[in-house]
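Thanks for coming. I will walk through one structure, part by part, and you can follow along on the screen.

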Amino acid sequence: MQDLRLPIGIQSFRSIRGEGYHYVDKTQLVHQLANTGKFVFLSRPRRFGKSLLVSTLQELFLGNKHLFEGLWIEDRWDWKPHPVILIDFNLMEYKTQPLEVAIARQMDQNATTNGVTLAADNFKDKFDELFTLLSANGQQVVVLIDEYEKAITDFLGEDEEKMHQHVDLLRNFFTVLKSRDAAIRFAFLTGVSRIGKLGIFSGLNNLKDLSMRRQFAALCGYTQAELEANFAK
């Protein structure tokens, strides 16, 4: 095998591109993904590259063109920066505190990242206020949600009452997406479970589930052809 720095366990696109790790160019598929609809969902097993994909989309919509130099998408994207709201359930601590508190903290972190301050106290109101502040100058917002159901499946078979509480809480929280449709440029959601099973996003009538679409089969992970082309002996 060639002397390559392999990004094993690295989920940050910025780190991979900025620290000299080898990156298998998936940006043609990322381009298709970002233009396939407004609300998009992709289901893949854990540790299958979903978080790296979310990170790639984050850098893309922030307009960080320098991270994409030499990749397929470099001269095929407008690089207009958009405010990004990142909701990452992998990073939330909801086992030692209420889920609504954990979500509220991420909303505050998103506000700080985007240079605004939230006045709302309730976790759902914070989400809604973020849209108000980030779209105030006419910009559309990008929403990235990683492992949407993790706060539910972590309690499966252990605490059924809390699991159902989290289902109801998240269903209520994500109604903000429907009410803020006009302010959204793109919303991408990942999970392990197929989107219809829990009914959390039942209000999003135009949500596209790309999980079984052949054209996106190689979006996460590596195909045999990619392994042979990029990691040949």
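**The largest pocket**

I will start with the pocket: helix α3, residues 50-61, gives the largest share of the lining of the largest pocket, five residues. Keep in mind that this is a predicted model. The space in that largest pocket comes to about 780 Å³. There are 31 residues lining the largest pocket, and those closest to its centre are Ile10, Arg47, Phe48, Gly49 and Leu52. What classes of residue make up the lining of the largest pocket? The lining has 17 nonpolar, eight polar and six charged residues.

Next, the sheet. Five strands make an open sheet, in the order β2-β3-β4-β1-β5, and the pairing is parallel. Which strands stand at the edges? They are β2 and β5, the latter being residues 207-209; each has a single partner strand, so one side of each is left without a neighbour in the sheet. On average, and with direction ignored, neighbouring strands of this sheet are turned by 15 degrees against each other.

Now look at strand β3, residues 141-146. On one side, β3 pairs with strand β2, residues 84-88, in the parallel sense over five bridges. Within that pairing, valine 84 stands opposite valine 142 in β3, and isoleucine 85 stands opposite valine 143 in β3. β3 also pairs with strand β4, residues 184-191, again parallel and over five bridges. Here leucine 144 stands opposite phenylalanine 188 in β4.

Is β3 mostly covered or uncovered? Mostly covered: six of its six residues are buried. As a general point, side chains in a regular strand alternate between the two faces of the sheet. In β3, Val141, Val143 and Ile145 point one way, while Val142, Leu144 and Asp146 point the other way, and all are buried.

There is also a helix on this sheet. Helix α5, residues 123-134, lies across β2, β3 and β4, and runs at about 160 degrees to β2.

On to a pair of helices. Two packed helices are described by the angle between their axes and the distance between the axes. For helix α4, residues 99-113, and helix α7, residues 160-173, the axes come within 11 Å and cross at roughly 35 degrees. Which residues meet there? From α4 they are Leu99, Glu100, Ile103 and Met107, and from α7 they are His166, Leu169, Leu170 and Phe173. Sorted by class, this contact of α4 with α7 has six nonpolar residues, one polar and one charged.

Proline 98 is in the loop between β2 and α4. Proline 98 and histidine 82 are 16 residues apart in sequence, and their C-alpha atoms are 31 Å apart in space.

The other one is tryptophan 72, in the loop between α3 and β2. Tryptophan 72 also counts as partly exposed, because its relative accessibility is 26%. What does tryptophan 72 touch, not counting residues up to four places away in sequence? It touches Asp25, Thr27, Gln28 and His31. Tryptophan 72 and glutamate 147 are 75 residues apart along the chain, with their C-alpha atoms separated by 27 Å.

That is the tour.

How values were computed:
Residues are numbered from 1 along each chain as its sequence is written. This is a predicted model: local features need pLDDT of at least 70, side-chain atom pairs count only at pLDDT 80 or more; totals for chains, interfaces and linings use all residues. Side-chain values use heavy atoms; hydrogens and water are left out. Axes are lines fitted to C-alpha atoms, for helices over the stretch in contact, and angles run from 0 to 180 degrees between N-to-C directions. Helices (H or I, at least four residues) and strands (E, at least two) are DSSP runs, numbered from the N terminus. Contact means heavy atoms within 4.5 Å. Ala, Val, Leu, Ile, Met, Phe, Trp, Tyr, Cys and Pro count as nonpolar, Asp, Glu, Lys and Arg as charged, and the others, Gly among them, as polar. On a 1 Å grid over the protein atoms alone, a cavity is a set of points where a 1.4 Å probe fits but cannot get out, and a pocket is an open set with protein on both sides within 12 Å along at least five of seven lines; lining residues have an atom within 4 Å of a point. Grid points are joined across faces, edges and corners, and a volume is the space filled by probe spheres set on the points. Buried means under 20% relative accessible area, exposed over 50%, partly exposed in between (1.4 Å probe, protein chains only). Two strands pair if DSSP finds at least two bridges between them.
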